[in-house]
Amino acid sequence: LSHSLCFGDVVTLFDKDKVGWVTSGDQVVGWGLWLPKLRLKMEIPPRVRDARFQIVPKLYYSAQKAKLKETKSNERLPETVLGGLQTSVEVERLQNISEINRLQGDVVQYGQIIQLLCCTSGAFVTVRKSVAKLEGQHLKVELDEAGNEGSWFQVVPAFKFRSVGNKVAYGDSVLLLSVRYKQYLHVSDVDRPLPTHYFEAVHEVNASPKPATLEVMPFLSHTNSSPHSSLEPAAAPTVQSCRLVHLRHTETNGLLTYDPTHPHRGAVWSTPPPASSATPRWPPSNSLWTLEPHTVEWGGGAVVATTGTAHDPPAAGPGR
């Protein structure tokens with residue numbers, strides 16, 4: 001495998017200063033992006049499924065921007081005009097897909113413009129012209145399904161031994177500069193208490209003149225990922241880590257189920273199948289497990305006995 005970052009690769013972003021991974025998940029803290037303050041040193045993110053981002057080339061939003069402008073200024077556009085705008089948006093969407101396919105596997109260089117696609121939500125990391133929640137002096141960073149010009153980030157070397165035009169290597173420390181707002185991705189200096197099994201507080205990811213130095217770490221090679229708009233890993237005969245699975249006991253035919261209400265934390269049971277297929281809530285949601293990698297390097301590949309383990313559902317924390 002190449003040691004250079006390529007378009008289509010899935011990566012994790014590690015902040016050495018705050019010692020944590022950039023993570024998505026509105027259901028946890030109500031922010032688009034956040035970074036957990038870890039209790040213990042860990043080699044993989046505590047919520048690795050939500051810490052995966054795919055490297056996408058610069059997409060274009062001129063037609064989308066024109067349609068939004070016209071519909072805002074005139075709510076009663078003629079159908080012919082509205083149809084023409086929608087056609088332009090569709091043509092632009094197909095051009096963007098073509099650009100993604102064309103650049104899939106090309107090496108990313110310093111100075112190039114990229115977009116970060118959250119693999120969990122299928123939305124782009126986007127800077128907004130509004131204040132951040134935790135640090136009101138900075139701009140808000142959210143996840144946007146379609147993306148816009150606020151989703152463009154220039155890859156800037158963090159140190160002088162790399163320069164514009166050099167290849168971005170895995171393990172490099174980079175700065176991500178918003179092309180539209182000229183602000184860097186930043187991890188807040190203050191945090192918000194949010195005690196869990198693995199972390200005690202969370203930092204907000206926003207946009208600021210003060211950059212966060214992010215280390216680019218590999219998760220899934222572009223050779224195993226899909227170049228399409230959803231950019232989820234392509235269907236394969238092998239199970240890839242971070243996929244949700246059910247674990248069935250071969251003798252009892254029951255599903256391994258986690259019980260967070262049990263007095264003994266981490267209790268796991270084999271839940272038998274119902275007598276009738278019409279039974280509601282089957283399979284139960286707490287019988288879903290995430291396969292997570294033990295190793296960081298290309299952890300998103302096929303899962304075999306030594307590279308994946310079952311964790312309890314994300315809502316209950318990734319305890320073993």
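**Burial, pockets and cysteines in a predicted model**

Guide: In this predicted model, histidine 138 lies in the loop that runs between β7 (124-131) and β8 (139-144).

Visitor: Why is histidine 138 called buried?

Guide: Buried means under 20% relative accessible area. Histidine 138 has a relative accessible area of 13%, and therefore counts as buried.

Visitor: Which residues does histidine 138 touch, not counting residues up to four places away in sequence?

Guide: Histidine 138 touches Ser130, Val131, Ala132, His186, Asn206, Ala207, Ser208 and Pro209. Contact here requires heavy atoms within 4.5 Å.

Visitor: What makes cysteine 6 and cysteine 118 count as buried?

Guide: The cut-off is under 20%. Cysteine 6 has 3% relative accessibility and therefore counts as buried. Cysteine 118 has 0% relative accessibility, so cysteine 118 counts as buried.

Visitor: How many disulfides does a search of the whole structure find?

Guide: The search finds zero disulfides. Cysteine 118, for instance, is in no disulfide, and its nearest cysteine sulfur, that of cysteine 119, is 6.8 Å away.

Visitor: What is the reach of α3 from its first C-alpha to its last, and what is expected?

Guide: Helix α3 has 25 residues and reaches 36 Å, close to the 36 Å expected at 1.5 Å a residue. The expected span is 1.5 Å times one less than the number of residues. Just after α3, glycine 105 takes a positive phi of about 95°.

Visitor: Which residues of α3 are buried, and against what do they pack?

Guide: The buried residues of α3 are Leu85, Val89, Glu92, Asn96, Ile97, Glu99, Ile100 and Leu103. They pack against β5 (53-57) and α2 (62-73).

Visitor: What is the volume of the largest pocket, and which residues are closest to its centre?

Guide: The largest pocket has a volume of about 340 Å³. Of its 15 lining residues, Arg93, Asn96, Phe124, Glu145 and Ala146 are the closest to the centre. Helix α3 (residues 79-103) supplies the largest share of the lining, six residues. By class, the lining of the largest pocket has eight nonpolar, four polar and three charged residues.

Visitor: What lines the second largest pocket, and how do these residues divide by class?

Guide: The second largest pocket, with a volume of about 210 Å³, is lined by Tyr61, Gln64, Lys65, Leu68, Asn148, Glu149 and Arg180. The division is two nonpolar, two polar and three charged.

Terms used
Residues are numbered from 1 along each chain as its sequence is written. This is a predicted model: local features need pLDDT of at least 70, side-chain atom pairs count only at pLDDT 80 or more; totals for chains, interfaces and linings use all residues. Side-chain values use heavy atoms; hydrogens and water are left out. Helices (H or I, at least four residues) and strands (E, at least two) are DSSP runs, numbered from the N terminus. Buried means under 20% relative accessible area, exposed over 50%, partly exposed in between (1.4 Å probe, protein chains only). On a 1 Å grid over the protein atoms alone, a cavity is a set of points where a 1.4 Å probe fits but cannot get out, and a pocket is an open set with protein on both sides within 12 Å along at least five of seven lines; lining residues have an atom within 4 Å of a point. Grid points are joined across faces, edges and corners, and a volume is the space filled by probe spheres set on the points. Ala, Val, Leu, Ile, Met, Phe, Trp, Tyr, Cys and Pro count as nonpolar, Asp, Glu, Lys and Arg as charged, and the others, Gly among them, as polar. A disulfide is a pair of cysteine sulfur atoms within 2.5 Å.
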